[in-house]
Amino acid sequence: MKTKLTLELEKTLYETCLEAGSIAVEEVTMPDDAGIVDTLSYQHLPNGEDEWRCYELKVTKSDFHSNAKLSFIGNYNYFVLPLSLYQKVKTEIPAEIGVLSYQKYDPAQLAVSTEPVLAPGYLTVEKKPRYQEITLDQGDLMRHFLYSLAREVRKAKRVETGISQYSTDRLFKELKKRHQHYDIYDPENNFYDRFINETQSNAVTALQEEVDALNLEIAKLQQQLSEAKSK
């Protein structure tokens with residue numbers, strides 16, 4: 001399960017790639033047992049050539065030093081790191097690998113922004129990567145890229161169809177997964193709190209409507225009894 005910070009990096013990187021005119025997709029399995037790229041972007045350049053960029057996202061020092069395979073198979077390859085982590089590991093980054101540092105937007109700045117903000121933060125180029133030739137078959141690379149895009153389309157279509165297809169037990173399990181993204185400093189943006197509050201509010205509203213209906217029935221009966229006695 002991805003951490004909240006990892007999801008923030010993913011979202012920011014995705015929007016950055018779109019602004020640059022490239023197509024990006026997360027978790028692309030490479031051919032020839034070359035591992036899994038955290039985010040892979042593709043762009044067809046004006047000169048007719050294809051350009052591939054690989055991004056490996058790391059949020060902690062232990063994550064950076066893990067034994068997970070780094071799939072730097074693009075023309076340009078990057079680490080995407082929180083600024084604080086970059087400052088700790090910058091001497092360990094190979095010369096040919098670039099670095100994008102992540103910083104979260106200041107809530108005060110967001111509040112006064114006149115333009116829509118699509119990402120939680122922004123990326124800064126701390127180190128430019130060196131160009132390298134693609135060693136994988138580009139036909140295979142494109143096929144794997146398209147497979148991953150198709151996977152994301154399937155996910156989006158499932159979201160559009162709503163949650164009616166899922167059992168209550170499945171929904172409960174999905175809600176439990178959200179606990180690690182809980183932000184004690186920003187409770188209004190926590191899905192779990194909003195869900196509970198809205199559920200309780202809906203329950204109170206439903207009960208109040210039922211009480212109002214019963215009171216109306218009692219009032220009608222009392223009026224009928226009063227009319228019957230007056231006769």
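These legends describe close-up views of a predicted model. Local features need pLDDT of at least 70 and side-chain atom pairs count only at pLDDT 80 or more, while totals for chains, interfaces and linings use all residues. Residues are numbered from 1 along each chain as its sequence is written, and side-chain values use heavy atoms, with hydrogens and water left out.

**View 1. Helix α1, residues 4-19.** Helices (H or I, at least four residues) and strands (E, at least two) are DSSP runs, numbered from the N terminus. The 16 residues of α1 reach 23 Å from first C-alpha to last, close to the expected 22 Å; the expected span is 1.5 Å times one less than the number of residues. Buried residues (under 20% relative accessible area, 1.4 Å probe, protein chains only) in α1 include T6, L9, L13 and C17. Among the elements covering the buried residues of α1 are β1, β5 (98-104) and β6 (121-127), where contact means heavy atoms within 4.5 Å. After α1 comes G21, with a positive phi near 85°.

**View 2. The hairpin of β1 and β2.** Strands β1 (residues 23-29) and β2 (residues 36-44) are antiparallel and share 6 bridges; two strands pair if DSSP finds at least two bridges between them. V25 has L40 in β2 as its bridge partner. Between the strands lie 6 residues, and D32 in the turn has a positive phi of about 60°.

**View 3. The largest nonpolar core.** A nonpolar core is a set of buried Ala, Val, Leu, Ile, Met, Phe, Trp, Tyr and Cys residues joined through side-chain atoms within 4.5 Å. Of its 24 residues, M30, L40, I73, L81 and I93 touch the most other members. Elements giving two or more residues to this core include β3 (50-57) and α5 (138-160). Apart from this core lies another of 13 residues, among them L13 and Y102.

Methods
Buried < 20%, exposed > 50% of the residue type's maximum accessible area, 1.4 Å probe, protein only.
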